[in-house]
Amino acid sequence: MWDDTVLHDLTAACSRSDAAAQRAWYTYSYAYGITVALYYSSNREEAQEVLQDSYLKVFAHFAKGEPAPAHHRSWFRRIIINTAIDYYRRQQRRSLVVLITSPFSHNRAIETLDAADLYRLTQRLPSTYRMVFNLHVLEGYSHPEIARRLGISIGTSKSNLHKARTQLQRLAGPYFNLDNELSNA
């Protein structure tokens, strides 16, 4: 379980460049960090790269002697997401594709799919769609915020969200037997 008190003590030791404390902070937070990074990455290797870059930022923050965050988990999540966005930007060969955001409409797919299924489905989305979908649906960012963070237009953000939702509905189709549901209604 995530305990800010434990991390606060480790953070204090990390700010003194204590290698054992840095290793402990890394070990303590890795499972959470890789889970967040996987949602914003195309594959595990990319997620590991994003997470590694995130740890570099974390430990650089500690080394500067800056105050420890009050809520380590949300602070660390924000670093991972921003690092994933930076990684995404670096990977683009052309200008960013249009992204879209609007709330993911509630349907029985969310009730039927478990977290692992949803993760597998989102990993099948193109990176531009996945990034916008995750920022909007999982993190609650608005279209203007996504557009600003990714350097795209608001319309592009909305369009990519719509396309992501459409693809997810198509990909989630096998999880439902709509013919049986309609005949039982």
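## Basis of the model

Helices (H or I, at least four residues) and strands (E, at least two) are DSSP runs, numbered from the N terminus. This is a predicted model, in which local features need pLDDT of at least 70 and side-chain atom pairs count only at pLDDT 80 or more, while totals for chains, interfaces and linings use all residues. Residues are numbered from 1 along each chain as its sequence is written, and side-chain values use heavy atoms, with hydrogens and water left out.

H72 belongs to helix α4 and is buried, with a relative accessible area of 1%, where buried means under 20% relative accessible area, exposed over 50% and partly exposed in between (1.4 Å probe, protein chains only). The side chain of H72 makes a polar contact with the side chain of T11 at 3.0 Å; a polar contact is a pair of N or O atoms within 3.5 Å, and within protein one must be able to donate a hydrogen and the other to accept it, with residues adjacent in sequence counting only if both atoms are side-chain atoms.

T83 is also found in α4, which covers residues 72–91, and T83 is buried with a relative accessible area of 2%. A polar atom of the T83 side chain lies 2.7 Å from the backbone oxygen of I79. Apart from neighbours within four places in sequence, T83 is in contact (heavy atoms within 4.5 Å) with V50, D53, S54 and K57.

## Helix α7

Helix α7 (residues 127–138) is mostly covered, since 9 of its 12 residues are buried, among them Y129, F133 and H136. Just after α7, G140 takes a positive phi of about 80°.
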